[in-house]
Amino acid sequence: MNSVTELPLRDTRKQAFEANKLSKKLHRQVGQAIADFNMVEAGDKIMVCLSGGKDSYALLDILLSLRERAPVDFELVAVNLDQKQPGFPADVLPRYLRERGVPFHIEDQDTYSIVKKLVPEGQTMCSLCSRLRRGILYRVASELGATKIALGHHRDDMVVTLLMNMFFGGRMKGMPPKLASDDGRHVVIRPLAYVAETDLERWAEHRQFPIIPCTLCGSQDDLQRVQIRAMLRDWERQYPGRSDNMLRAMGHVVPSHLMDGKLHPFRTLKATGIADPAGDKAFDADDDGCATPAAAAVPIRLDLG
Ligand code: SF4
């Protein structure tokens, strides 16, 4: 009898232990990213863009609890853009936000009809849709007096974007954790920059966020992006730590060992006559760029100095 009743209790304890561990990890990673990139300053009013997906729910959730113990005062306001996709459950986010006591604004803009009209049948609508959404969110940020715009992109989004740009765009360009918006009027932050997508999936399940599916518009995500995401997940399964290493690489760029003449004066380079112990090991086969499993286990800490 005892063993039957004790088993579920043990399961519950294990789940609570795992959830607590995950919570600590997520809060530590978000807090670290905020500190490393000075994402939040005293008096900030941060507009958190909430789509109804797991990432933006987690972003808001973690920022809310970090704010309670933050050394500086800042405000959070959640904003959802209702793009009028057929079947969008417009009541879900307002109900959730009221229950959590979060100030919010729902912006109604029928970008769905515009995109449908302009994009030929069968082509992906995401690029135009995102552009329209971005413009609207920047305007709303100004109207709300927001000093920062927080987006729910995570580590995997950042690494996938870097690979996409390398594979298909011929550029070493990723997705930054902090940037000035293209209209020059806002600072955009990505506090989930260090967080793995799988951890966000687990957190969303634990917190039971009322997820709104992102397939309502009927558009497919870019096929190349889908493939790179799958490739990254496969790599991560085979070689745990590889995604973290790639993210770390984005913060440890060595222009003298790449090929961009705008970042390093290759054309005018001369021998200095002075040995540099940290300099090039041009003929070393075993360069320290090869990440070992031990290196992969080192926690993410970008050198921003
Ligand atoms: S999936 Fe639909 S709503 Fe999302 S960006 Fe693409 S077109 Fe827009």
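Colleague: Before we get to the helices, what do the axes and angles refer to?
Modeller: Axes are lines fitted to C-alpha atoms, for helices over the stretch in contact, and angles run from 0 to 180 degrees between N-to-C directions. Keep in mind that this is a predicted model.

Colleague: OK. How do helix H2 and helix H7 cross?
Modeller: The axes of H2 (residues 54-69) and H7 (residues 197-207) come within 9 Å, and the crossing is at roughly 75 degrees. Angles of 65 to 115 degrees count as roughly perpendicular, so H2 and H7 are roughly perpendicular to each other.

Colleague: Which residues meet there?
Modeller: From H2 you have Lys54, Asp55, Tyr57, Ala58 and Asp61, and they meet Leu200, Glu201, Trp203, Ala204 and Arg207 in H7. That contact splits into 5 nonpolar, no polar and 5 charged residues.

Colleague: And what about H6 with H9, at what angle do they cross?
Modeller: Roughly 70 degrees, with the axes of H6 (residues 155-169) and H9 (residues 242-250) coming within 10 Å. H6 and H9 are therefore roughly perpendicular to each other.

Colleague: Left-handed or right-handed?
Modeller: H6 passes H9 in a left-handed crossing. On the H6 side the contact uses Arg155, Asp156, Met158, Val159 and Leu162, and on the H9 side Ser243, Met246, Leu247 and Met250. By type, the contact of H6 with H9 has 6 nonpolar, 1 polar and 2 charged residues.

Colleague: Switching to the sheet, what's the strand order?
Modeller: S3-S2-S1-S4-S6-S5, in an open sheet of 6 strands with mixed pairing. The edges are S3 (104-108) and S5 (178-180), each pairing on one side only. From one strand to the next, the twist averages 25 degrees.

Colleague: In which sense do S4 and S6 pair?
Modeller: Parallel, over 3 bridges, between S4 (residues 148-150) and S6 (residues 187-189). Lysine 148 stands opposite valine 187 in S6.

Colleague: Which helix lies across S1, S2, S3 and S4?
Modeller: That's H5 (residues 126-144), which runs at about 140 degrees to S2.

Colleague: What does leucine 63 touch?
Modeller: Leaving out residues up to four places away in sequence, leucine 63 touches Val48, Leu76, Ala150 and Pro191. As for isoleucine 46, its C-alpha is 9.8 Å from that of leucine 63, and the two are 17 residues apart in sequence.

Technical notes
Residues are numbered from 1 along each chain as its sequence is written. This is a predicted model: local features need pLDDT of at least 70, side-chain atom pairs count only at pLDDT 80 or more; totals for chains, interfaces and linings use all residues. Two strands pair if DSSP finds at least two bridges between them. Helices (H or I, at least four residues) and strands (E, at least two) are DSSP runs, numbered from the N terminus. Two residues are in contact if their C-beta atoms, placed from the backbone, lie within 7 Å. Angles under 35 degrees count as roughly parallel, over 145 as roughly antiparallel, 65 to 115 as roughly perpendicular and the rest as oblique. A crossing is left-handed if the near helix is turned anticlockwise from the far one by less than a right angle, and right-handed if clockwise. Ala, Val, Leu, Ile, Met, Phe, Trp, Tyr, Cys and Pro count as nonpolar, Asp, Glu, Lys and Arg as charged, and the others, Gly among them, as polar.
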